[in-house]
Structure formats: C-alpha cells, structure tokens
Amino acid sequence: MKQTTNMSRVIGEIQSIGRKLNKDWFNGELDMDRVIWTVQSTPKAYGHFTPYLSYRVHDKEGERGAVEINLGGGTLDRNIESVIATMIHEMTHYYNWCHGVKDCSRSGGQYHSKKFKLEAEKHGLHIEYALSEISLPHSGHFINDIFVPP
C-alpha cells in the first residue's frame, strides 16, 4: 500500500532542520526567514537554489523578497545524511549569494566553481567531483536525526 505524507508537515520539518543547520554550520549568518523551502521534481539534481528573490514573504519587517531552496521530491527517501548534505549544499549557495560570490559557471549553474568547493568545505561538506558525491564528514553525531558537527 502506498504511504501518503502531509507535505506541510514535511516542509515544517525541513524548515526546522534548516534553522538548526544555519545555527550550527553557518554561525546563524543566514536569514532563514527569507528562505522558502520547496519540494518538487528536480530532474537530474537532488535540489537547487534560486539565486534571485523569487517569492514575497510577510513578516515583522513587512513585505520583502525571499529566495527558494528546493529539495527534489524523488530524493527525500535517501538516508538522512544525504538529505542534510543536500540542504547544506543548497544553503552554501545561499550563503555565497548573500556575500556576492558567484559560485557556478555558465547560465543555469551547470558547473560549480572552486569558490563553491572552498566555501562548501568550510561548512562541513566533502566534495568529490569525479564521483559527483557530497557527503558529511565522518566526525560528529546525530541527535534526533540532526547531524551535530564536532
């Protein structure tokens, strides 16, 4: 029998994990109130970051623009380490965008630059281009399915 999932609950969990990752891995530097998390089909990718203000949000500061971080709907059944690695990967794009760093070449962001690799590794990712893998470092541990860095 097919299992159904309440997507608003999934997005809520993703937002919660994103806030924890921001605090632990990005020193709380990212404005997570400006991030709209989406779960949609993302062909040939685990996720993507939209590097422009593609949404409007209303908060205590009024109406302002927001960016999108998408996680591929068909990839959420991977192990939690892989999903979190994808989240950190996309949050690294957001971090770079906030700091004016162009981290992909060509239109459509087909190729990640050395600037992306350097920043991603500062935030705990291990990038291996030959294998197209992104993995969390082996040190650290999980608490309630959230990876805690060493």
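Tutor: Start with pairing. Two strands count as paired if DSSP finds at least two bridges between them. This model is predicted. Here, Asp59 has Gly62 of strand β3 as its bridge partner.

Student: How many bridges join strand β2 to β3, and do they run parallel or antiparallel?

Tutor: Strand β2 covers residues 47–59. It is joined to β3 by 9 bridges, and the two run antiparallel. They form a hairpin, with 2 residues between them.

Student: In which sense do strand β1 and β3 pair?

Tutor: The sense is parallel. Strand β1, residues 35–40, pairs with β3 over 6 bridges. As an example, Val35 has Val67 of β3 as its bridge partner.

Student: What is the general rule for side chains in a strand?

Tutor: In a regular strand, side chains alternate between the two faces of the sheet.

Student: Let's turn to a helix. Where is His89 placed, and is it buried or exposed?

Tutor: His89 sits in helix α2. Its relative accessible area is 9%, so His89 is buried.

Student: What is the overall order of helices and strands?

Tutor: The chain has 3 helices and 9 strands. Along the sequence the pattern reads α-β-β-β-α-β-β-α-β-β-β-β.

Student: Which elements have the highest and the lowest mean pLDDT?

Tutor: pLDDT is the predictor's confidence in each residue, from 0 to 100. Helix α2, residues 80–98, has the highest mean, 91. Strand β8, residues 141–143, has the lowest, 45. Over residues 130–135 the pLDDT is below 50. It also stays under 50 over residues 137–147. Across the protein chain the average is 78, and 78% of the residues score at least 70.

Student: How should predicted coordinates be read where pLDDT is low?

Tutor: Where pLDDT is low, the predicted coordinates should not be read in detail.

Methods
Residues numbered from 1 in each chain as written. Predicted model: local features only at pLDDT ≥ 70, side-chain atom pairs only at ≥ 80, totals over all residues. Heavy atoms only, no water. Helix = DSSP H or I, 4+ residues; strand = E, 2+ residues; numbered from the N terminus. Contact = heavy atoms within 4.5 Å. Buried < 20%, exposed > 50% of the residue type's maximum accessible area, 1.4 Å probe, protein only.
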